[in-house]
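Colleague: Could you walk me through a few local features of this one? I'd like to start with a helix and then move on to the rings.

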Amino acid sequence: MARFLFVLLALLLAPAARADVPVGELADAARPLAYRIALRVDPARERFSGETEIDVELKAPAATLFLHGRGLTISRAEAVSGSGAPLRGTARQVHDSGVLELRFARPLAAGRHRLRFVHDARFMTAVEGLYRVQVGGRWYAWTQFQAIDARRVFPGFDEPRHKTPFTLSLTVPDGLRAFANTPEVAARPDGRGWTRHDFAPSEPLPTYLVALAVGDFDVVEATIPPNAVRARPLPFRAIATKGQAPRLAFTLAETPRILALAERYFGTPYPFAKLDVIASPIMGGAMENVGLVTFDDTLLLLDADAPLQQVRSFGVVMAHELAHMWFGNLVTPRWWDDIWLNESFATWMGNQLALEWRPDLGVRAVELAEALDAMDEDSLAAGRPVRQPITDSSNINAAFDRLTYQKGGQIIRMFERYLGPETFQRGVRLHLDRFRFGTADADAFFASMAEASGNPGLVAAWRSFVDQEGVPLVQFTPAPGGAFGLAQSRYAPIGGAADDGRLWRVPVCASSGEGVTCTLLEERAGRIGPVIGTAPWVAGNASGAGYYRFDLPAADWSRLLAAGATLPAAEAMTAADSIWAGFAAGTAPFARVLAAAEAFAPHPERLVATWLAFDIARVAREALPQAEHGRLEARLRTLYGPQLAALGLDPARGRYAAENPDRRQLRQSLVAILALDARDPAVRATLRAAAEAALAGRPDALDPALRPTALRVLAEEGGPATADRLRDALVASDDPLFRRHAASALGSQPDAAGAAHVLGFVTDPRLQNLEALAILGGLFQRPATRAAALAFVDRAWERLRPRVGGLLGGFAGAASGFCSEADAREVERVFRPKLAALGAGSLELDRPLAAIRRCAALQAATGADVRRSFGLP
């Protein structure tokens with residue numbers, strides 16, 4: 001409540017925006033050269049304070065400078081020129097995004113000056129700026145500065161193009177640990193009960209990569225030995241809140257292996273002085289801060305029997321963040337419109353390294369699944385290109401989305417295959433060498449790739465995917481000699497993006513039982529082949545490496561589905577996705593979707609076997625009357641029950657620990673479908689009994705891998721008393737993964753009465769932010785409870801806002817599960833003014849609204865077809 005009131009007052013009291021205030025990039029009037037920042041931080045207090053010095057160079061005389069500071073109380077601002085006396089100035093925030101106007105009574109001369117500020121501010125309560133969290137009765141503080149939240153902690157030039165050395169000092173209460181980007185070089189008393197920690201100057205960094213943490217942390221230390229690339233040992237620490245050290249053992253053992261793979265790929269040593277990784281209970285993801293990488297608790301704190309999904313997430317995210325040490329930290333985007341390259345490359349590289357680290361975890365299939373999901377978002381009526389000019393800071397957060405990460409990562413994969421791995425790697429190394437410790441934009445990256453490959457024409461092909469939104473649809477038509485004619489258009493689902501005639505330069509690769517054939521489709525029509533020869537089938541996206549959907553003639557779809565259970569996993573996944581895409585565009589009947597689900601259900605890869613189950617369930621629950629949902633559930637039991645029966649189900653802890661990882665993950669996926677979508681009575685009874693036993697003090701009754709589904713069944717069936725027991729177990733636990741599972745289960749209420757009960761937990765201070773939001777997010781996803789969730793956001797916003805922070809746009813995406821025009825209008829009524837008050841861009845709500853309207857249009861156009869497929873008139 002206090003945080004909300006503070007922000008609200010700031011908004012009400014801020015002066016009206018002026019035409020001369022830069023709302024995007026600052027002008028080049030001043031260039032920062034170095035920062036010295038001394039902060040006094042006690043996480044148990046509501047405010048922190050600091051002194052900041054910035055060495056700057058002015059291009060011309062100036063009495064007024066614009067820089068950044070948001071929510072800061074600045075009690076002193078002055079400039080020092082050479083050995084002269086300080087010149088006092090006034091500093092005030094002149095825009096809600098944190099533009100700071102620094103004004104002097106007389107102009108500063110062109111040349112070098114030192115700006116000095118004395119300031120203080122509130123700690124944040126969500127993941128933005130310097131935020132604090134209470135865990136186990138102790139207060140801790142972490143930072144999250146990306147994208148533009150360094151300005152919440154110190155005045156500065158908060159833009160990625162300004163890379164300068166930072167020298168930090170942290171004065172903290174005695175007994176607390178302090179961490180920053182660089183090694184600590186000194187510690188000394190600083191008044192009664194306080195200790196000052198001084199840190200070495202950093203390499204040139206942008207403000208968004210500066211980081212610190214303060215608290216009574218557990219720390220486990222190691223040294224990563226030299227290798228063939230790095231000649232020196234590297235200090236390495238893993239850090240977490242008190243009592244979590246045992247859960248850091250896996251991170252301590254496996255991080256060096258992933259780092260060595262990254263060093264080998266880039267061909268240069270890790271470029272910074274130390275590597276610390278630190279866990280935060282409300283992070284929700286990870287952040288590549290130089291030397292102090294922050295992760296969500298569930299990504300670093302793993303038990304000895306951690307589920308394979310958690311192990312895979314650790315590997316992929318750790319590899320992603322370590323890839324950033326080169327691509328993003330060593331070489332940084334000049335401005336936010338090229339953040340896509342940062343994140344796209346790290347997404348692709350993270351999956352590559354994780355696959356090499358643990359090839360048994362199904363990393364490639366998950367990567368492809370995420371890319372296919374991105375195609376759905378890229379087909380909405382409201383969208384953006386991957387590389388989008390950003391002229392207003394309110395639009396920066398919208399760039400951190402599936403298009404930047406998953407679409408961009410798939411584009412990287414597509415062109416890596418097109419160029420060949422060795423050529424692509426040569427281009428990456430050339431780019432990093434050219435701009436080491438500097439900044440570069442996408443044009444510079446394209447130039448490096450063109451030079452390394454000797455193929456300047458690839459730049460136009462690459463641009464055709466990043467400079468325009470949308471998904472290509474490639475139509476295959478049989479031609480003589482085993483070839484196929486190709487025709488491209490924009491994929492246009494019912495209620496989504498329209499085919500506006502745009503073209504791509506598409507690297508198309510088709511595969512069959514006899515091999516792979518590729519071509520570059522540069523015009524509206526082309527040809528590929530010969531493809532099939534005597535092979536029985538052809539798939540239009542070989543290895544799933546292309547960013548496009550495809551369509552085949554009916555006879556070719558039939559031949560492909562006849563081989564469904566034996567297809568390579570990537571070919572099968574892209575085929576299933578393209579079949580669903582045809583139905584969603586109105587060009588294929590729902591019967592083909594059901595036939596594909598039947599063909600792929602026996603596949604050994606879990607994501608192939610289950611790919612269509614969730615789409616079928618979602619569209620059928622909207623199309624079928626509530627009384628007829630049993631028809632859907634019976635169909636799903638028929639499709640997936642035999643697979644689970646063959647695998648067996650014993651939910652006891654460790655029962656399948658020695659089993660092949662593919663079988664274990666397939667079982668988990670099948671259990672989720674049969675328990676939650678098919679509502680199989682036997683499966684639900686087995687899981688509920690195990691969940692009851694685990695909550696009653698017998699943890700070995702339920703394996704952590706099956707726990708999310710089992711707890712959801714328990715929450716669906718148990719009523720308010722069970723919800724209270726589950727909430728109490730969550731609060732009492734120090735296991736981050738259990739807490740997250742329990743919170744998600746609490747969001748699985750069957751009706752509005754259950755929703756009303758658990759909505760009271762959302763503002764319970766004993767729950768961490770992500771736990772509370774998991775409850776709310778779960779309620780948003782269920783037709784019976786989503787209206788209650790939306791009404792709660794509307795009436796309880798003042799209490800909810802401190803948990804959400806500045807990422808309301810991402811939070812608004814939870815409402816995309818609605819499916820009518822009336823729903824869309826209500827979602828807009830609730831969220832639009834809240835986004836506007838926070839200065840967020842419109843796209844962050846426009847996309848969820850477009851998803852709702854697409855769902856409504858699909859139901860209107862295909863509902864009758866779906867009902868007929870389930871035997872209804």
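Predicted model: local features only at pLDDT ≥ 70, side-chain atom pairs only at ≥ 80, totals over all residues.

Colleague: How many residues does α17 have, and how far does it reach?

Modeller: Helix α17, residues 661-677, has 17 residues and reaches 24 Å from its first C-alpha to its last, which is close to the 24 Å expected at 1.5 Å a residue.

Colleague: What caps the N-terminal end of α17?

Modeller: Asn660 does, with a side-chain oxygen 2.6 Å from the backbone nitrogen of Asp662, while just after the helix Arg679 takes a positive phi of about 50 degrees.

Colleague: Switching to rings, how many aromatic pairs are there?

Modeller: The structure holds 41 aromatic pairs. One of them joins Tyr35 and Phe166, whose ring centres are 4.3 Å apart with planes at 10 degrees, so the pair is stacked. Because Tyr35 lies in strand β1 and Phe166 in strand β10, this pair ties together parts that are 131 residues apart in sequence.

Colleague: Are those two buried or exposed?

Modeller: Tyr35 and Phe166 are both buried. Phe780 and Phe818, by contrast, form an edge-to-face pair, 6.4 Å centre to centre with 75 degrees between the planes, and these two residues are buried as well.

Colleague: Which charged ends sit over rings?

Modeller: Among them, the charged end of Arg40 sits over the ring of Trp194, 4.0 Å from its centre, and that of Arg549 sits over the ring of Tyr491, 4.9 Å from its centre.

Notes: Residues numbered from 1 in each chain as written. Heavy atoms only, no water. Helix = DSSP H or I, 4+ residues; strand = E, 2+ residues; numbered from the N terminus. Expected span 1.5 Å × (residues − 1). Polar contact = N/O pair within 3.5 Å; in protein donor to acceptor, adjacent residues only side chain to side chain. Phe/Tyr/Trp six-rings, centres within 6.5 Å; stacked < 30°, edge-to-face > 60°. Buried < 20%, exposed > 50% of the residue type's maximum accessible area, 1.4 Å probe, protein only. Lys NZ or Arg CZ within 6 Å of the ring centre and 35° of its normal.
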